[in-house]
Amino acid sequence: MLFAFSVAPTGGGDPSGSVHEAVAEAVQIVRDSGLPHRTDAMFTTIEGDWDECMAVIKAATEAVGKYGNRVSLVLKADIRPGHDSGELTGKLDRLEDAITRRTKG
C-alpha cells in the first residue's frame, strides 16, 4: 500500500506563516520508521501495510500538533491487493516505460 500525506499546523506562532520546522519533525518520524518513503515539495509518500503506515501518519500528525492549535492532514491511499512492496518506485518505472513507448512509437 502507498499512502501520500501532507500534514501542517495552523494557528501557530510563526509570524511568517512558515511551517518548515513542523514538517521537518514529521518527515523525521517517517525517516525513522524505516518504511520506504519519498518526500517532495507537496507530499510524503510511504509504503507498507495499513497498520504500520497509519501508525507513522498518526505519529507525524501528533508531532505537528505541537506547532499550532490545529492540524491539517491530507491523505491519499493506493490500496492494491497483491502488490505488497516495490510500488513506490514500480509505479514510476511503469509510467516512464509508457512515456518512452509513446515517444518511440
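Student: Does Glu 25 count as buried, partly exposed or exposed, and at what relative accessibility?

Tutor: A note on the source comes first. This is a predicted model, in which local features need pLDDT of at least 70 and side-chain atom pairs count only at pLDDT 80 or more, while totals for chains, interfaces and linings use all residues. Residues are numbered from 1 along each chain as its sequence is written, and side-chain values use heavy atoms, with hydrogens and water left out. As to the terms, buried means under 20% relative accessible area, exposed over 50%, and partly exposed in between (1.4 Å probe, protein chains only). Glu 25 has 24% relative accessibility, so the residue counts as partly exposed.

Student: In which element is Glu 25 found, and which residues does Glu 25 touch?

Tutor: Helices (H or I, at least four residues) and strands (E, at least two) are DSSP runs, numbered from the N terminus. Glu 25 is found in helix α1. Contact means heavy atoms within 4.5 Å. Not counting residues up to four places away in sequence, Glu 25 touches Ala 63, Lys 66 and Tyr 67. With Lys 66 there is also a side-chain to side-chain polar contact of 2.7 Å. A polar contact is a pair of N or O atoms within 3.5 Å; within protein, one must be able to donate a hydrogen and the other to accept it, and residues adjacent in sequence count only if both atoms are side-chain atoms.

Student: Is Thr 61 buried or exposed?

Tutor: Thr 61 has a relative accessible area of 18% and is therefore buried. This residue lies in helix α2. Beyond its neighbours within four places in sequence, Thr 61 is in contact with Val 7, Val 71 and Leu 73. By contrast, Ala 41, in the loop between β2 and β3 (44-47), counts as exposed at 80% relative accessibility.

Student: Which residues touch the most other members of the largest nonpolar core?

Tutor: A nonpolar core is a set of buried Ala, Val, Leu, Ile, Met, Phe, Trp, Tyr and Cys residues joined through side-chain atoms within 4.5 Å. The largest one has 14 residues, of which Phe 3, Phe 5 and Ile 46 touch the most other members. At least two residues each come from β1 (2-10), α1 (20-33) and α2 (50-64), and α2 gives the most, with five. Leaving aside neighbours within four places in sequence, the contacts of Ile 46 include Phe 3, Phe 5, Val 30, Cys 53 and Ile 57.

Student: What is the volume of the largest pocket, and which element gives the most to its lining?

Tutor: Rolling a probe the size of a water molecule over the atoms shows where empty space is left. On a 1 Å grid over the protein atoms alone, a cavity is a set of points where a 1.4 Å probe fits but cannot get out, and a pocket is an open set with protein on both sides within 12 Å along at least five of seven lines; lining residues have an atom within 4 Å of a point. Grid points are joined across faces, edges and corners, and a volume is the space filled by probe spheres set on the points. The largest pocket has a volume of about 330 Å³. Of its 15 lining residues, the closest to the centre are Leu 2, Ala 4, Thr 45, Leu 88 and Lys 91. The most residues in this lining, four, come from α3.

Student: How many cavities of 30 Å³ or more does the structure hold?

Tutor: There is one, and about 40 Å³ of space lies in the largest cavity. Its lining consists of Met 1, Leu 2, Asp 78, Arg 80, His 83 and Glu 87.
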